[in-house]
Amino acid sequence: MVDELRKRVLFTAAIFFIFRLTAHIPVPGVETESLRQFFQQSAFLGLLDIFSGGTLANFSLMALGLNPYINASIILQLLTMVWPTLEALSKEGEYGREKINQYTRLLTVPLALFQAIGMYALLKSQGLTTQVTPLELLGMVVTMTSGTMLLVWLGELLTENGIGNGISMLIFAGIVGRLPITLGQTSSLFDANNSFNLLVFLVMSILVIAAIVFVNEASRQIKIHYARRMSGSKTYGGQTTYLPLKINQAGVIPIIFAVSLVLLPSLLAGFFQGSGVSWLVNFSREINFIFRPSSWVYNLTYFLLVVAFTYFYTAVVFNPEKIAEEIKKHGGFVPGIRPGSATVGYLNYILTRITLAGAFFLGLIAILPSIAQNITGVSTMSLGGTGILIVVSVVLETSKQVEAMLVMRSYEGFLT
């Protein structure tokens with residue numbers, strides 16, 4: 001098992017190396033230096049860049065990052081709840097998941113094409129692109145779309161042969177790759193005159209990390225009692241166990257989904273801003289102003305999206321009916337609750353209450369950097385705070401997977 005773990009770690013490191021290498025291969029037709037300066041002045045584009053791992057500021061082959069794939073995943077999961085065919089497919093085990101993943105990849109292609117055209121229109125409206133022919137524009141769009149699909153493929157390889165969830169790990173690698181730059185920009189804003197703001201920044205960072213760890217590890221223990229039964233001369237059951245219901249069942253996925261959607265209005269506004277139609281250009285400017293990262297509309301929308309996706313993803317990953325059926329099948333019951341539908345209702349009741357706490361916590365952590373920005377006046381904190389949220393969550397999930405592999409090795413040694 002140690003050899004397998006070593007191979008997985010080395011494979012993960014190799015994928016990270018390929019990802020960071022391609023992140024510095026620029027697409028022709030863009031003034032890269034002017035683009036970096038423009039990104040430093042725009043909080044929206046800065047936030048979008050950190051989730052692409054710095055590939056957008058470099059305008060590399062993977063400039064779009066995983067945003068098209070994440071949006072496609074959101075659309076497919078929403079369709080699963082309203083389209084009976086997809087709902088039936090999602091219940092067919094491994095085969096159903098493979099088919100839905102295939103549909104997600106197919107939907108990613110047109111979304112990536114649309115976002116690539118929108119990104120080009122945004123950069124052209126700011127005068128950051130050179131004059132390109134229609135054929136060169138087509139090549140640029142196809143290149144960016146191919147980069148996204150390459151990134152999706154690397155993520156799937158990482159999930160299968162590496163450590164952790166591949167998509168989350170690539171987002172983690174991108175944020176960690178940009179984190180030193182973000183921290184450097186933040187530290188350069190502090191001097192002897194605003195040392196109090198530096199102290200507030202450090203204290204809030206430590207408290208946020210501690211709170212994320214605490215909530216991710218917290219769970220509600222449901223007591224399960226198994227009735228004693230006789231089989232011949234042997235007695236089975238008669239023991240009590242606990243079913244742990246985590247406060248944050250969805251992990252970091254709601255944050256990733258919410259960020260992808262909350263940035264969409266500004267991205268679309270950038271696309272229409274270069275249309276040349278006066279009323280459409282004015283409308284796009286209003287959208288950009290309303291959905292700027294420091295506005296209350298942006299933060300309220302971000303908060304509500306995080307809460308909604310937390311409930312949505314929890315419903316996807318945790319099925320109370322299946323859990324209640326398994327408990328009943330093995331002769332178990334919750335003390336004071338009848339097996340069957342009553343147990344399903346009880347689990348739903350508990351899950352709804354604890355998920356509310358987890359959802360509000362994730363939403364608060366997501367918008368807390370913007371609140372802190374208004375207190376300290378440090379704009380780079382909004383990037384670092386959201387990045388830390390994902391980094392800590394991914395590290396916790398990955399460490400648990402590594403620990404499970406080491407525990408499995410201990411069991412194998414015991415059996416041999």
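Colleague: How many helices and strands does the secondary structure of the protein come to?

Modeller: The protein has 16 helices and 5 strands, taken as DSSP runs numbered from the N terminus (helices: H or I, at least four residues; strands: E, at least two). This is a predicted model, in which local features need pLDDT of at least 70, side-chain atom pairs count only at pLDDT 80 or more, and totals for chains, interfaces and linings use all residues. Residues are numbered from 1 along each chain as its sequence is written, and side-chain values use heavy atoms, with hydrogens and water left out.

Colleague: Does S284 count as buried or exposed?

Modeller: Buried means under 20% relative accessible area, exposed over 50%, and partly exposed in between (1.4 Å probe, protein chains only). S284 counts as buried because its relative accessibility is 1%. The residue belongs to helix α12 (residues 278-290). Its C-alpha atom is 6.4 Å from that of F272, 12 residues apart along the chain. Of the 416 residues in the protein, 46% are buried.

Colleague: Why is the pair of F309 and F312 edge-to-face?

Modeller: A pair of aromatic rings is described by the distance of the centres and the angle of the planes. Rings of Phe, Tyr and Trp (its six-membered ring) pair if their centres lie within 6.5 Å; planes under 30 degrees apart count as stacked, over 60 as edge-to-face and the rest as tilted. By this rule there are 3 aromatic pairs. The ring centres of F309 and F312 are 6.4 Å apart and the planes stand at 75°, so this pair is edge-to-face. Both residues lie in helix α13 (residues 296-317), 3 residues apart, about one turn of the helix. F309 and F312 are both buried.
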